[in-house]
Amino acid sequence: MFFIGIFGIESKKKDIKALTNIQCKNCNLNTDGSLIKVYNVFHFFFIPLIKWNERYFVICKNCGFVYEIPKDKGKGIERGDSIEINYWDLKAAEGIPFSHPPVEFKCKNCGRVIKPDYEYCPHCGNKNE
Ligand SMILES: [Zn+2]
Ligand SMILES: [Zn+2]
């Protein structure tokens, strides 16, 4: 079709920043993460004209769990403001709009990787909620 590449709508993913000291609720650790931004863009002759539906995500480097953080915090960090992402900002993302490696679930007691559907850890017997 004639219009392909001249204008269109794309969903984009951008790495914003490497984060240190995030409190991952999945691995129950203070660990590193990366902040990424996902947005839709309407472009015309390769010039992005309108951006919308911006969402910010934090991915735990340790287990790969994806959290969504409030947009204003994400924007602030992107601008370079010194903003702390705290425990309550990290909400398990629903409908992750990008591909990412599968999440590893770790036992909250011994930290070993277990299947997410295991109620009891096969290594130490701890009950994981
Ligand atoms: Zn984690
Ligand atoms: Zn265990």
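In the hairpin that β2 and β3 form, 2 residues lie between the strands, and F45 takes a positive phi near 50°. Here a strand is a DSSP run of E with at least two residues, a helix is a DSSP run of H or I with at least four residues, and both are numbered from the N terminus. The model is predicted, and for that reason local features need pLDDT of at least 70 and side-chain atom pairs count only at pLDDT 80 or more, while totals for chains, interfaces and linings use all residues. Residues are numbered from 1 along each chain as its sequence is written, and chains are lettered from A and ligands numbered from 1 in the order in which they are written.

Strand β2 covers residues 29-44 and β3 covers residues 47-60, and the two pair in the antiparallel sense over 11 bridges. Two strands are said to pair if DSSP finds at least two bridges between them. Within this pair, V38 stands opposite R55 in β3, and S34 stands opposite I59 in β3.

As a general rule, strands of a sheet pair through backbone hydrogen bonds, either parallel or antiparallel. In this model, 5 strands form an open sheet in the order β1-β2-β3-β4-β5, with antiparallel pairing. The edge strands, each pairing on one side only, are β1 (7-24) and β5 (91-92). The table lists the bridges for each pair.

| Strand pair | Bridges | Sense |
|---|---|---|
| β1 and β2 | 15 bridges | antiparallel |
| β2 and β3 | 11 bridges | antiparallel |
| β3 and β4 | 4 bridges | antiparallel |
| β4 and β5 | 2 bridges | antiparallel |

The hairpin of β3 and β4 has 5 residues between the strands, and G64 in its turn has a positive phi of about 85°. The bridge partner of I59 in β4 is V66, and the bridge partner of E68 in β5 is K91.

Which residues touch the most other members of the largest nonpolar core? Of its 18 residues, these are F57, V58, C60 and Y67. β1, β3 and β4 each supply at least two residues of this core, and β3 gives the most, with 5 residues. A nonpolar core is a set of buried Ala, Val, Leu, Ile, Met, Phe, Trp, Tyr and Cys residues joined through C-beta atoms within 7 Å. Leaving aside neighbours within four places in sequence, F57 is in contact with I36, V38, V66, Y67, E68 and A93, contact being defined by C-beta atoms, placed from the backbone, that lie within 7 Å.

For the whole protein chain, there are 1 helix and 7 strands, running β-β-β-β-α-β-β-β from the N terminus on. Of the 129 residues, 20% count as buried. Along its principal axes, the C-alpha trace spans about 60 × 40 × 20 Å.

Methods
A residue is buried if 20 or more other C-beta atoms lie within 10 Å of its own, exposed if 12 or fewer, and partly exposed in between; C-beta atoms are placed from the backbone. Two residues are in contact if their C-beta atoms, placed from the backbone, lie within 7 Å.
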